[in-house]
Amino acid sequence: MKELATAILLAIALEGMFYSLFPRGAKRVMELMQEISETQLRIGGLVAAVICVAAIWAMRQFWQQ
């Protein structure tokens, strides 16, 4: 549970850094997202989540040695 909380807080911190460093770019990304269909957003989010979970699993498997 501690690792999950740490991961969520790290994601929020990285998002905050993105907004503070690139406010104009963040606004542009949000505008572009309005043009993407909900289905494409769902598929993209699912693909990103699966890739990230697989990468975390791989890192934990190979870096424990």
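**Surface patch and rings**

Guide: Leu10, Leu14, Met17, Phe18, Tyr19, Leu21, Phe22, Val29, Met30, Met33, Ile36 and Leu41 make a nonpolar surface patch of about 1,100 Å². Patch members have over 30% relative accessible area and no salt bridge, with nonpolar side chains (Val, Leu, Ile, Met, Phe, Trp, Tyr) joined within 5 Å. A salt bridge here is a Lys or Arg side-chain nitrogen within 4 Å of an Asp or Glu carboxyl oxygen, and areas are Shrake-Rupley with a 1.4 Å probe, only the protein chains shown counting as cover. The model is predicted: local features need pLDDT of at least 70, side-chain atom pairs 80 or more, while totals for chains, interfaces and linings use all residues. Numbering runs from 1 along each chain as its sequence is written, and side-chain values use heavy atoms, without hydrogens and water.

Visitor: Which elements give two or more residues to the patch?

Guide: Helix H1 (2-21) and helix H2 (23-35); helices are DSSP runs of H or I, at least four residues, numbered from the N terminus. H1 gives the most, six residues.

Visitor: New topic: how many aromatic pairs are there?

Guide: Two, where ring centres must lie within 6.5 Å (planes under 30 degrees apart are stacked, over 60 edge-to-face, the rest tilted). Phe18 and Tyr19 have centres 5.9 Å apart and planes at 50 degrees, so that pair is tilted. Phe18 and Phe22 are tilted too, at 6.1 Å and 50 degrees.

Definitions and conventions. Rings of Phe, Tyr and Trp (its six-membered ring) pair if their centres lie within 6.5 Å; planes under 30 degrees apart count as stacked, over 60 as edge-to-face and the rest as tilted. Patches are made of residues with over 30% relative accessible area and no salt bridge: like charges are joined within 9 Å, nonpolar side chains (Val, Leu, Ile, Met, Phe, Trp, Tyr) within 5 Å.
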